[in-house]
Amino acid sequence: MRYCGREFSATDLSSIQRLLEEHPTATRARLSRLVCEQLDWRRGDGRWKDMSCRVAMLRMQDDALLQLPPPRNANNNGKPYLRRTLLAEPDAVLEVASPSKLGDVQIQLVTERHDSHLHNEYLERYHYLGYQPLPGAQLRYFVRAEGRIVALLGFGAAAWKTRPRDLFIGWTAERREARLHLVANNARFLILPWVRCKNLASCILAMAARRVAPDWQLHYGYSPVLLETFVEKPRFRGTCYSAANWSFLGETRGRGKLDVHHQASMPKKAVWVHPLRRE
């Protein structure tokens, strides 16, 4: 059986079932760490791949291969982000001719809990896709102009596979499985609707490309070497990515990440990438 990019043998499944029986009062988080230790399932930086393990066990449960203990705390995955504060209320229109007219523009990494909530709220209220938790290793940013929030970005785990990107890299399925963590996905990019500034988007993307690798190294112990993103067509043209020296590789087939029936029922997306190293 294959879950979250890993093959599980009958022996592996028996080991997981035995761990569940031996720790009947353990939380799901604790069980995922125990399974990682048992199977030596690690990320590229050597740490346990416990979040992927937890997702894998949930899918095993869906397939009637095991029974997990009930969750201790409910989460809001799949539900609208209902938090509303005055901090994320619409602001006065900010219209300037160019990014240089905005003054001091800086990218701020989201590290504090209250900033995380604010980031989520902005996305839920003003991004056309709303807020969704990012998968795997991730970094989120505010972009501030003279201290005022003008844009937001989010980078998370790469898509498991997409033909244009994989052909561009030229890796085998085995190499992709081993090195996918070296690709980071720009899953969210939002310029707040009351901010109007020509070329601001491409300027922000260029600034972010310089920040992601060192910040990722600091938080996760390794640096991604490639950025990717998926731009929905025909809603967007990807002009800002082109202006920021990203490369257009082709289109997805419109099947989405979770399609198992090979039905193209989702909007097609343009695939763009940006190498972070020359080689």
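**Close-up views of a predicted model**

**View 1. Helix H7 and its kink.** In H7, a kink of about 30° lies at Val212, shortly before the proline Pro214; the bend at a residue is the angle between axes fitted to the seven residues ending there and the seven starting there. Helices (H or I, at least four residues) and strands (E, at least two) are DSSP runs numbered from the N terminus. H7 covers residues 200-220, and its 21 residues reach 29 Å from first to last C-alpha, close to the 30 Å expected at 1.5 Å a residue (1.5 Å times one less than the number of residues). Gly221, with a positive phi near 85°, follows H7.

This is a predicted model, in which local features need pLDDT of at least 70 and side-chain atom pairs count only at pLDDT 80 or more, while totals for chains, interfaces and linings use all residues. Residues are numbered from 1 along each chain as its sequence is written, and side-chain values use heavy atoms, leaving out hydrogens and water.

**View 2. The open sheet of 7 strands.** The strand order is E4-E5-E6-E7-E9-E11-E10, with mixed pairing, where two strands pair if DSSP finds at least two bridges between them. The edge strands, each pairing on one side only, are E4 (105-109) and E10 (247-251). Strands E9 (residues 226-232) and E11 (residues 269-275) pair in the antiparallel sense over 7 bridges, and Glu228 has Val273 in E11 as its bridge partner.

**View 3. Helices H2 and H3.** H2 (residues 28-39) and H3 (residues 50-62) pack at an angle of about 105°, with axes 9 Å apart; axes are lines fitted to C-alpha atoms, for helices over the stretch in contact (heavy atoms within 4.5 Å), and angles run from 0 to 180 degrees between N-to-C directions. H2 and H3 are therefore roughly perpendicular to each other (65 to 115 degrees).

Technical notes:
Parallel < 35°, antiparallel > 145°, perpendicular 65-115°, else oblique.
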